[in-house]
Amino acid sequence: MERAEETLYAVNDPIAAAWIQRASPNARSLDTFYEPGKERRHIYAAISDEIVARVRTGIDLCAVFYGHPGVFAWAGHDAIGRLRAEGFRARMLPAVSSMDCLVADLGLDPAPNGCQSYEATDFLVRRRTIDTGALLILWQIGFIGAWHYEPVPSMRALPLLVERLLQLYPADHETILYEASPYPVSEPIVQRLPLASLCEGDVSPIATLAVPPRDEPEFDRAMLARVRRLRS
């Protein structure tokens, strides 16, 4: 940001915006693209167009997105792909995503049982084959079916998510509502609720839902024996 001639940014808190403005005096917010009632895919396409258009003028541009720029950030991927196709040098730098924070804050290691990760609307409208013996993470549970931008997301679709999960897990199965802290001096927001009571929780629109494994996955003992023989 400090070396760029111009910075475009989309962040969700004023402190981050102020820091970006200090680091890059020519920074400009992308908030103006978020028009109430406009389809999200059109908003993201317009942001991609803006990034591409500014690079085409020959300037050294930095685009900043909150969290990880490649996680639930279609515009960044699209702009980079288009610019590379036109011969421009474009790259994405890794950052800390909500997934990284979740693993650290909740102590949920995806290694022992595996991990499944879905956007909540996608999870509902596609009949995914879910392994209940693995950790399940559902993103953007406050934006289910929100194909149009709403300044204040509605939680009216949350009962549909609970209905679907009750087909897979018992009513008393623990679920974890998680919201990462954007600041190192504050704590994350964590609520642990039985699945059947999920709609009764104080659910933030930007919360992530973590569903721990229901049971231990079975071993394929024949395959386990073959693997062991390889080591003997």
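Here is a quick tour of one protein model, from its overall build down to a few single residues. The model is predicted, so keep that in mind as you look around. The protein has 7 helices and 8 strands, and 40% of its 232 residues count as buried. We'll start with the whole chain, then move to a sheet, the cores, and finally some cysteines and a serine.

**The whole chain**

- Along the principal axes, the C-alpha atoms fill a box of roughly 60 × 50 × 35 Å.
- Take the contacts between residues with a separation of 6 or more: 58% of them come from residues 24 or more positions apart.

**The sheet**

- Look for an open sheet of 5 strands, in the order β4-β5-β8-β6-β7 and with mixed pairing.
- The edge strands are β4 (115-119) and β7 (189-194); each has a single partner strand, so one side of each has no neighbour in the sheet.
- From one strand to the next, the twist averages 20°.
- Helix α4 (residues 98-106) packs on this sheet and touches β4, β5, β6 (174-179), β7 and β8 (208-211). The direction of α4 makes about 125° with that of β6.

**How the strands pair up**

- A bit of background: strands in a sheet pair through backbone hydrogen bonds, and they can do so parallel or antiparallel.
- β4 and β5 (residues 135-139) run parallel, joined by 5 bridges.
- Two residue pairs are handy for finding this on screen: glutamate 119 has tryptophan 139 of β5 as its bridge partner, and tyrosine 118 stands opposite leucine 138 in β5.
- β5 and β8, on the other hand, run antiparallel and are joined by 3 bridges. Here leucine 136 has valine 211 of β8 as its bridge partner.

**Two faces of a strand**

- In a regular strand, side chains alternate between the two faces of the sheet.
- On β4, Gln116 and Tyr118 make up a covered face, while Cys115, Ser117 and Glu119 make up an uncovered one.
- To get from β4 to β5, the chain goes through helix α5 (residues 120-125), and this β-α-β crossover is right-handed.
- How many of the residues of β5 are buried? The count is 5 of 5.
- Both faces of β5 are covered, with Leu135, Ile137 and Trp139 buried on one side and Leu136 and Leu138 buried on the other.

**The nonpolar cores**

- Nonpolar side chains tend to be buried together in soluble globular proteins.
- The largest nonpolar core has 24 residues, and the ones touching the most other members are Phe123, Leu138, Ile141, Leu161, Leu165 and Leu209.
- Two or more residues of this core come from each of α5, β5, α6 (158-165) and β8. α6 gives the most, with 4 residues.
- Which residues does phenylalanine 123 contact, leaving aside its neighbours within four places in sequence? They are Tyr118, Ile130, Leu136, Leu138, Leu161, Arg164, Leu165 and Leu168.

**The cysteines**

- The model has 0 disulfides.
- Cysteine 101 is in no disulfide, and the nearest cysteine sulfur, in cysteine 115, is 15 Å away.
- Cysteine 101 is partly exposed, with a relative accessible area of 22%. Cysteine 115 is also partly exposed, at 33%.

**A serine in a loop**

- Serine 97 is found in the loop between α3 (74-85) and α4.
- Is serine 97 buried or exposed? Serine 97 counts as buried because its relative accessibility is 9%, and buried means under 20%.
- Leaving aside neighbours within four places in sequence, serine 97 is in contact with His68 and Val71.

Conventions
Residues numbered from 1 in each chain as written. Predicted model: local features only at pLDDT ≥ 70, side-chain atom pairs only at ≥ 80, totals over all residues. Heavy atoms only, no water. Disulfide = S-S within 2.5 Å. Buried < 20%, exposed > 50% of the residue type's maximum accessible area, 1.4 Å probe, protein only. Pairing = 2+ DSSP bridges. Axes fitted to C-alpha atoms, helices over the stretch in contact; angles between N-to-C directions. Contact = heavy atoms within 4.5 Å. Right-handed = clockwise from strand over helix to strand, strands pointing away. Core = buried A, V, L, I, M, F, W, Y, C linked by side-chain atoms within 4.5 Å.
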